[in-house]
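Please keep the sequence and the structure in view while reading.

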Amino acid sequence: VLDLIAGPESGGRYEMVYPGTRRPQILDMTLDELFQDMRSRGRASGSSASGRYQYIQSTLRSIVGKMGLDTATTKFTPEIQDEIAIYHLRLSHGLDRWLAGEMRNEQFLDRISKTWAGIPNPTTGRSYYAGVLDNKAGLAVNTALNMLSDIQKA
């Protein structure tokens with residue numbers, strides 16, 4: 001699921017920032033340093049999206065707060081980025097219910113499309129955020145549904 005999201009969001013790269021620029025120094029920043037960096041980049045570009053999952057500052061701040069991470073010492077490493085995304089998927093998107101077969105693929109895809117702009121809405125095939133900056137779905141609905149089906153079978 002992480003690869004499904006990261007593909008259209010960042011090309012799978014942990015060091016990506018909006019608008020599709022590599023910024024490797026974010027991997028060595030504490031979360032507090034990253035939030036400061038996100039603020040200044042957001043003012044300049046219109047978006048603070050950062051990392052493999054292209055979290056914007058407000059969403060990232062909320063999730064790390066719920067996780068209880070120490071923002072002064074926790075660095076934005078690839079491992080932490082994955083932990084944050086998994087926590088978020090469990091908390092807000094029903095990852096465990098979907099993995100247990102208690103949620104249809106279309107429902108799960110709809111839920112994740114409302115967070116990640118590169119994921120298509122299963123009804124429209126478009127990004128939930130189409131028209132905001134340059135957001136667009138980076139996958140076809142059938143491709144995303146086939147990937148989810150393959151994940152559940154594995």
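Predicted model: local features only at pLDDT ≥ 70, side-chain atom pairs only at ≥ 80, totals over all residues.

Helices, of at least four residues, and strands, of at least two, are DSSP runs numbered from the N terminus. In these terms, Ala140 has its place in the loop between H6 and H7.

Helix H4 covers residues 78–93. With 16 residues, H4 reaches 21 Å from its first C-alpha to its last, close to the 22 Å expected at 1.5 Å a residue. Which residues of H4 are buried? They are Ile80, Gln81, Asp82, Ile84, Ala85, His88, Leu89 and His93. An α-helix has 3.6 residues a turn, so residues three or four places apart point the same way. The cover over the buried residues of H4 includes helix H1 (2–10), helix H3 (57–67), helix H5 (95–99) and H6. Just after H4 comes Gly94, which takes a positive phi of about 75°.

Helix H6 comprises residues 105–113, and its axis comes within 11 Å of that of H4, the two crossing at roughly 115°. Angles of 65 to 115 degrees count as roughly perpendicular, and H4 and H6 are therefore roughly perpendicular to each other. The crossing in which H4 passes H6 is right-handed. On the side of H4, the contact is made by Leu89, Ser92 and His93, and on the side of H6 by Phe108, Arg111 and Ile112. By class, this contact of H4 with H6 has 3 nonpolar, 2 polar and 1 charged residues. Leu89 and His93 also belong to the buried residues of H4.

How do the axes of H6 and H7 cross, and within what distance do they come? They come within 10 Å and cross at roughly 115°, and the two helices are therefore roughly perpendicular to each other. Their crossing is right-handed. Here Asn105, Glu106, Phe108 and Leu109 of H6 meet Val141, Ala144, Leu145, Leu148, Ser149 and Gln152 of H7. The contact of H6 with H7 has, by class, 6 nonpolar, 3 polar and 1 charged residues. Phe108 takes part in the contact with H7 and also in the contact with H4.

The loop between H6 and H7 holds Ala140, mentioned at the outset. Ala140 is partly exposed, with a relative accessible area of 45%. Although Ala140 and Pro8 are 132 residues apart in sequence, their C-alpha atoms are 11 Å apart in space. At 47% relative accessibility, Leu133 counts as partly exposed.

Some background places the remaining features in context. Most residues other than glycine have a negative phi, and most peptide bonds are trans. Gln54, in the loop between helix H2 (31–45) and H3, has a positive phi near 50°. Is Gln54 buried or exposed? Gln54 has a relative accessible area of 12% and is therefore buried, the cut-off being under 20%. Finally, the peptide bond from Tyr18 to Pro19 is cis, with omega near 5°. Pro19 lies in the loop between strand S1 (16–17) and strand S2 (21–22).

Key: Residues numbered from 1 in each chain as written. Heavy atoms only, no water. Axes fitted to C-alpha atoms, helices over the stretch in contact; angles between N-to-C directions. Parallel < 35°, antiparallel > 145°, perpendicular 65-115°, else oblique. Left-handed = near helix turned anticlockwise from the far one by under 90°. Contact = heavy atoms within 4.5 Å. Nonpolar A, V, L, I, M, F, W, Y, C, P; charged D, E, K, R; others polar. Expected span 1.5 Å × (residues − 1). Buried < 20%, exposed > 50% of the residue type's maximum accessible area, 1.4 Å probe, protein only.
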